[in-house]
Amino acid sequence: QVRLEESGGGLVQSGGSLTLSCAASGVIYSSYVMAWIRQAPGKEREFVASVSWRNNKKTYADSVKGRFTIFRSAAENTVSLQMNNLRPEDTAVYYCALDASPGSNPAAISAYDIWGQGTQVTVSS
C-alpha cells in the first residue's frame with residue numbers, strides 16, 4: 001500500500017521561505033508523477049507543481065513559477081517543494097499526491113489517486 005507523508009509546513013512572513021517534503025513508501029510503479037497541490041480556505045484545490053519520476057520533467061503553475069522549485073530524491077523516495085518569496089495568497093493546505101498512470105497533463109488534479117494528509121502553510125502579511 002502506497003503512503004505519502006508530508007512535513008515542513010508552518011507560519012512564515014511574507015517574503016519568507018519554506019521547504020515542504022513528502023516521503024513515499026510502498027511505491028512499486030515503474031513510471032509515476034508526484035505533485036504538490038494546495039487548497040486555500042473556501043477555494044478548490046489548485047495544482048502547484050509536479051515532477052515525473054521517469055524523466056524528472058517538472059511542471060509549475062503560473063502563479064508559482066520563479067518562486068517555487070520541486071525536486072525529487074530517487075534514493076530517498078521523497079519529493080520536496082522549495083518555496084521562496086512567499087505571499088499571503090500562498091496560504092493553504094499543501095498536499096502531496098501521486099499519479100500512478102500519468103497521462104499528458106500533469107496539472108490535471110483528477111488524475112492523482114493517492115494523497116497525503118496535507119500540511120498547513122500560512123503566510124502572514
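Predicted model: local features only at pLDDT ≥ 70, side-chain atom pairs only at ≥ 80, totals over all residues.
Lys-65 is exposed, as is Asp-62.

Asp-90 forms a salt bridge with Arg-67, the closest N and O atoms being 2.8 Å apart. This pair links distant parts of the chain, since Asp-90 lies in the loop between E8 and E9 and Arg-67 in the loop between strand E6 (58-60) and E7, 23 residues apart. Both Asp-90 and Arg-67 are buried.

A salt bridge also joins Asp-90 to Arg-38, where the closest N and O atoms are 2.9 Å apart. Arg-38 belongs to strand E4 and Asp-90 to the loop between E8 and E9, so this pair ties together parts that are 52 residues apart in sequence. The relative accessible area of Asp-90 is 0%, and that of Arg-38 is 5%. Because buried means under 20% relative accessible area, Asp-90 and Arg-38 are both classed as buried. Arg-38, Arg-67 and Asp-90 are linked together with Glu-46 in a network of salt bridges.

The nonpolar residues were examined next. The largest nonpolar core comprises 38 residues, and those with the most contacts inside it are Met-34, Trp-36, Leu-81 and Tyr-94. At least two residues of this core are supplied by each of strand E3 (18-25), strand E4 (33-39), strand E5 (46-52), E7, E8, strand E9 (92-99) and strand E11 (119-124). With residues up to four places away in sequence not counted, Met-34 touches Leu-4, Cys-22, Ala-24, Ala-49, Ser-50, Val-51, Trp-53, Ile-70, Val-79, Cys-96, Ala-97 and Leu-98.

Strand E7 (residues 68-73) and strand E8 (residues 78-83) run antiparallel and are joined by 6 bridges. Within this pairing, Phe-71 stands opposite Ser-80 in E8. E7 and E8 form a hairpin with 4 residues between them. In the turn, Asn-77 has a positive phi of about 55 degrees.

Terms used. Residues numbered from 1 in each chain as written. Heavy atoms only, no water. Pairing = 2+ DSSP bridges. Core = buried A, V, L, I, M, F, W, Y, C linked by side-chain atoms within 4.5 Å. Buried < 20%, exposed > 50% of the residue type's maximum accessible area, 1.4 Å probe, protein only. Contact = heavy atoms within 4.5 Å. Salt bridge = Lys/Arg side-chain N within 4 Å of Asp/Glu carboxyl O.
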